[in-house]
Amino acid sequence: MTRHGEPPSEQPSATAEEQALIPGSGGGGAAMRLIVPLQGIVQGHGGGGLVLGSLLPCVLFYAFQMFLKRSRSPPLNPPADGPENRGVVRSSSRRRLPARDAAVSARAALIAKSGDSAYAVGEKRCLEDPYHPFDNPDGVMQLGLAENRLSLDLIDDWLSKNWKDTMLHQRQGGALNIKGLATYQPFDGSLEFKTQAIAGLMGQVMQGSVSFDPSCIVLTSGATPAIEILSFCLADTGNAFLVPSPYHPGYDRNIRWRAGIELIPVPCRSTDNFNISVASLERAYTQAKNRSVKVCGILFSNPSNPVGNLLRTETLLDIIDFATEKNIHVIADETFAGSIHGNEEFVSMAEVLNTDGVDRTRVHIVYSLSKVFSIPGFRVGIVYSFNECVLAAASRLSRFSSISAPIQHLLISMLTDVKFIADYLKMNRERLRIMYALLVSSLMELGVQCVKSTGGFYCWMDMSKFMKSYSEKGEFELWKVMLDSAKIHITSGTTCHCIEPGWFRLCFTTLTRNDVPLLMERLKGVIHRQ
Amino acid sequence: MQCATNPNSNGKLSDLATSNTHGEDSPYFAGWKAYDEDPYDAATNPSGVIQMGLAENQVSFDLLERYLEQHPEATGWGCGISSFRENALFQDYHGLRTFRQAMATFMEKIRGERAQFDPERIVLTAGATAANELLTFILANPGDCLLIPTPYYPGFDRDLRWRTGVNIIPVHCDSSNGFEITPQNLEAAFAEAEAKEFRVRGVVITNPSNPLGTTIRRPALEDILDFAARKNIHLISDEIYSGSVFSSDEFVSMAEIVQARGYKDCERVHIVYSLSKDLGLPGFRVGTIYSYNDRVVTTARKMSSFTLVSSQTQKMLASMLSDREFIGNYLETNRKRLKERHEYIVEGLKNAGIECLQGNAGLFCWMNLAPMLNESTREGELRLWKLILHEVKLNISPGSSCHCSEVGWFRVCFANMNQQTLEVALRRLGNFMVNRRRS
């Protein structure tokens, strides 16, 4: 299937402190740096009195950047070392063109190229011109990232009450003692953290239907490395995973870049409500075999990203049976397990693995704290597996993607506050439900249908009737119009490897209720134009 | 951890997962296991194994603790929603600008302001381990090789080779010139690589050196950079011990060499740094890549998605590392204490009849036990190592695990324990030497 350039990598949040356009990889003059001050943008929606407080610094900032750019042009002669030069000459090395440039690896070249795709350009636009209800109401609404801002206040509230017990302070009181946090820790997480915090938390997330064994846990600095680590363990370069599509575009980066594993999309169709069918898996497996490509596993997400549907127990068992028959592995990406907002009950692979006769050692599950707790910045991912060899290899590999001790320390406090966690999960679920319902009904009024989603942060919308042509090209043009004219950045179905053109993924958890009317207005503009 | 079941019966695992390139079966790591099972404690286990194989800096914790006590806002989570939000949601692989700025400041301070660092060239990773692996992924294809002067940090075998599929060709150095790296040594290694039909992609130096505990002199650094330019390959300078040089003016950073050359032809130079050794904060997992190559910076940044530093850690350390007074005082005091420890252990070893390579940096000594070997072979060295581990109850690192071409050298760490423990260790070693000489 053709794609419009490389799929974009998961881009930085629009609330980042500042973003800079990286100077291009060729030689040449320094690119303009645009610093987007943070304060005004992040200072909570609905806070008043921010305009003057943040616009003025914004203006000054831009002026300062212009000044710096002018004074940063390379001098004719290299500067002498000296304190008087320090402030000005902190610039790049591109003062002279190199005689010869030592090459980078093929991997690096591929990654560098991916920055040129149309979608990467779209991501950049969001960073340069991010929407803010007060400071930048005409900015680009970034609805392509999975961030949950709906319940940040709950976490913040807990922290402001409890921070003294967290981080570097001894929980038992007494003097500050850094040794326990500063020194080398097990790279895959301390046993205390795994037992007290993670196993307990995951049990609560699953509402008691599963009890998690701490010795089956390996911790990593996020779900991204967790999936990569599993990929390294389960397949060699050149092997492949079957991935039901549409799927999360991030997989293309996480699994192909360094592990070099091919992803074979297994198309799911709207007529089936995008459910996985074993017949499709079988077909894809055979086709791969005919191409002499070795399939080593199946990777799927549940709740599904981007569609948001849940897999039934029978489907999970069917997948395990299929994998057993082919003697391959299963990676279940359950990073949205804590974000169920619909009425269906979520059945985790972890629960299914307790069924008699099921081979537990070929299924590996990934969780992440980012999605549950709106705290991606803390970097905590979880590999959960009953396979001793995978655990052994994964815990050794976690040294390259390890979580920090202070974060573990903090999270032990937070995650063992059982009442807080229970309240949080309940309230977060309610807020997700309300926001999702609002989006879906608003979209319906515009004539945009969404597939019923039970978990996750996305609406999976059908905008095919607004395309000029029922094709990838038509979809891309519609995507571009939405970005350029309506200044809405959403993820196109093609980026998710959807076989049917016209589907789009929209993240609803970065919005507040007040943003929705504006969003609908902008969408309406696009729809009527088409 | 050994796999009890056949790893291939339930779905084959990758070659990577089942290989032992992780190297954790080597003596370097086996000693750690012995320590874990029987760790020394002055009160509860005075005859336990003393860990002298871990290069960790515990001599200056009190300075950090005092700073954090006086600056509680650094350990808090910020006041109010805005600050929390910005940290919670922040997952940008650029890293917090204030933190990168602080790292640049810190690195400059370490080098006595003799080099400048641009925060825009700093890429953050979860530790130097990740930084080294990431650079290898970027600079070399599977099957290529890196040249590394010996003796070198045993972890490189794993960190640079395991997932990357890249090979290491050692650049053999020996005690005849204090293990200094010479153009002849480099050329010999390059020739060896060519004979094996490996494409050489770069040289990796550690400066100050682990395990030698010495800084690389300026002329040698110039030679190494010239060599890299001649062969059109990269140069990675791992400078994680740069803040642990006993006299700050004895350290010359590759950054200074590059600057002195007017940044000419420096796109091949990349510096690795971390807070694990100088600040004694390995648990925080903070490493950096500093590259003079734009493309490498951009690519490394994207690839750092696999190994990000938590935003709260960045925020906390940003304020500490920007405090020029604090870091100035810290660096000076830390250096002084390390120097004192070093002098103490060298003296103690001398009294026991053990010579060390003359060192001026790091958290360890490179001592020569060759006269003690029953036979001057690798096996002889390992036998002695085992003896020292199991009978003297000291875990030290044998030179063979560092790929040293001369037998009988051992690395012994002195900064990961208190003075009393070091005393005990030296006493045990002294007794051992006396007994050995008698028999």
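These legends describe close-up views of a predicted model.

**View 1. Strand 7 of chain B is enclosed by the rest of the structure.** Val269(B), Ile271(B) and Tyr273(B) point one way. His270(B), Val272(B) and Ser274(B) point the other way. In a regular strand the side chains alternate between the two faces of the sheet.

**View 2. Strand 7 of chain B pairs with strand 6 and with strand 8.** Strand 6 of chain B (residues 234–238) pairs with strand 7 of chain B in the parallel sense, over 4 bridges. Leu235(B) stands opposite Val269(B) there. Between these two strands the chain passes through helix 11 of chain B (residues 254–260), and this β-α-β crossover is right-handed. Strand 8 of chain B (residues 287–291) pairs with strand 7 of chain B in the antiparallel sense, over 5 bridges. Here His270(B) stands opposite Ser291(B).

**View 3. An open sheet of 7 strands in chain A has mixed pairing.** The strand order is 2-8-7-6-5-3-4. Strand 2 (217–220) and strand 4 (262–267) of chain A stand at the edges with a single partner strand each, so one side of each lacks a neighbour in the sheet. The twist averages 25 degrees from one strand to the next. Strand 2 of chain A pairs with strand 8 of chain A (residues 381–385) in the antiparallel sense over 4 bridges. Val218(A) stands opposite Val383(A) in this pair.

**View 4. Helix 8 of chain A packs on the sheet.** Helix 8 of chain A (residues 223–234) touches several strands, including strand 2, strand 3 and strand 5 of chain A. Its direction makes about 165 degrees with that of strand 7 of chain A. Helix 10 of chain A (residues 278–290) lies across strand 3, strand 4 and strand 5 of chain A. Helix 10 of chain A runs at about 140 degrees to strand 4 of chain A.

**View 5. Lys487(A) and Asp129(A) form a salt bridge.** The N to O distance is 2.8 Å. Both residues lie in loops, and the pair ties together parts 358 residues apart in sequence. Lys487(A) is partly exposed, at 21% relative accessible area.

**View 6. Helix 16 of chain A carries Arg431(A), which meets Asp153(A) in a salt bridge.** The N to O distance is 2.8 Å. Asp153(A) lies in helix 5 of chain A, so the pair ties together parts 278 residues apart in sequence. Arg431(A) is partly exposed at 24% relative accessibility, and Asp153(A) is partly exposed at 29%.

Note on methods: Residues numbered from 1 in each chain as written. Chains lettered and ligands numbered in written order. Predicted model: local features only at pLDDT ≥ 70, side-chain atom pairs only at ≥ 80, totals over all residues. Heavy atoms only, no water. Buried < 20%, exposed > 50% of the residue type's maximum accessible area, 1.4 Å probe, protein only. Pairing = 2+ DSSP bridges. Right-handed = clockwise from strand over helix to strand, strands pointing away. Axes fitted to C-alpha atoms, helices over the stretch in contact; angles between N-to-C directions. Contact = heavy atoms within 4.5 Å. Salt bridge = Lys/Arg side-chain N within 4 Å of Asp/Glu carboxyl O.
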